[in-house]
Amino acid sequence: MVKSHGDVTIIDLPEGEHQYKFYVDGEWRHDPSLKVVDNGMGSKNNCVSVKQSDFEVFQALAKDSEGGISNAQADYGQEIPTNKPWEKVSGPPILPPHLLQVILNKDTPLSCEPTLLPEPNHVMLNHLYALSIKDSVMVLSATHRYRKKYVTTLLYKPI
């Protein structure tokens with residue numbers, strides 16, 4: 001297994017039956033609420049079946065949504081909870097003030113080349129900015145950093 005993102009591991013399994021266990025607190029354990037098989041050595045393993053139809057993404061998602069819920073998944077679901085009566089809902093959250101600083105159309109110091117944008121604040125990176133619509137054109141921008149270089153991508157969209 002190869003660690004992919006944090007505590008999540010993605011494994012590409014071929015078609016067939018696959019047995020597995022969990023390593024918890026120094027011991028190998030199986031989940032008794034899931035399908036259990038005897039591994040032939042006096043121990044039990046959980047089993048998962050991978051079929052050719054599982055490789056079709058939309059069919060697999062439909063199959064997952066119609067499957068039963070195990071004890072571990074009982075608190076999760078596909079339904080959006082209703083608002084709590086004690087929560088005040090007054091619209092979208094307020095934008096943090098440091099994200100209001102747009103580096104486009106800012107004056108550059110005379111010592112800099114006029115085609116260069118000023119160096120962005122680190123909290124301004126990887127956010128999508130939309131400038132006000134002028135002359136029926138909307139401008140979107142995003143700034144990314146690679147080592148000590150910054151790249152700002154602009155998208156001009158006629159409306």
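Helices here are DSSP runs of H or I with at least four residues, strands are DSSP runs of E with at least two, and both are numbered from the N terminus. With that in mind, the elements of the chain run β-β-β-β-β-β-β-α-β-β-β from the N terminus on, which amounts to one helix and 10 strands.

The model is a predicted one, in which local features need pLDDT of at least 70 and side-chain atom pairs count only at pLDDT 80 or more, while totals for chains, interfaces and linings use all residues. Residues are numbered from 1 along each chain as its sequence is written, and side-chain values use heavy atoms, with hydrogens and water left out.

A residue is called buried under 20% relative accessible area, exposed over 50%, and partly exposed in between (1.4 Å probe, protein chains only). Of the 159 residues of the chain, 11% count as buried. Ile11 lies in the loop between strand 2 (8–9) and strand 3 (16–20), and Ile11 is partly exposed, with a relative accessible area of 47%.

**Salt bridges**

A salt bridge is a side-chain nitrogen of Lys or Arg within 4 Å of a carboxyl oxygen of Asp or Glu, and by this rule there are two salt bridges. They are set out below.

| Salt bridge | N to O distance |
|---|---|
| Glu17 and Lys35 | 3.9 Å |
| Glu27 and Arg29 | 3.9 Å |

The pair of Glu17 and Lys35 links distant parts of the chain, since Glu17 is in strand 3 and Lys35 is in the loop between strand 5 (27–29) and strand 6 (36–38), 18 residues apart. Glu17 is exposed, with a relative accessible area of 51%, whereas Lys35 counts as partly exposed at 45%.

**Aromatic pairs**

A pair of aromatic rings is described by the distance of the centres and the angle of the planes. Rings of Phe, Tyr and Trp (its six-membered ring) pair if their centres lie within 6.5 Å, and planes under 30 degrees apart count as stacked, over 60 as edge-to-face and the rest as tilted. The count comes to two aromatic pairs. Tyr20 and Phe22 form an edge-to-face pair, 5.6 Å centre to centre with 85° between the planes. The rings of Tyr23 and Trp28 have their centres 4.9 Å apart and their planes at 55°, so that pair is tilted. Both Tyr23 and Trp28 are exposed.

Two strands pair if DSSP finds at least two bridges between them. An open sheet of three strands has the order 8-9-10, with antiparallel pairing. Strand 8 (128–130) and strand 10 (149–158) stand at the edges, each with a single partner strand, so one side of each is left without a neighbour in the sheet. Strand 8 is joined by three bridges to strand 9 (residues 137–146), and the two run antiparallel; the bridge partner of Tyr129 is Ser141 in strand 9.
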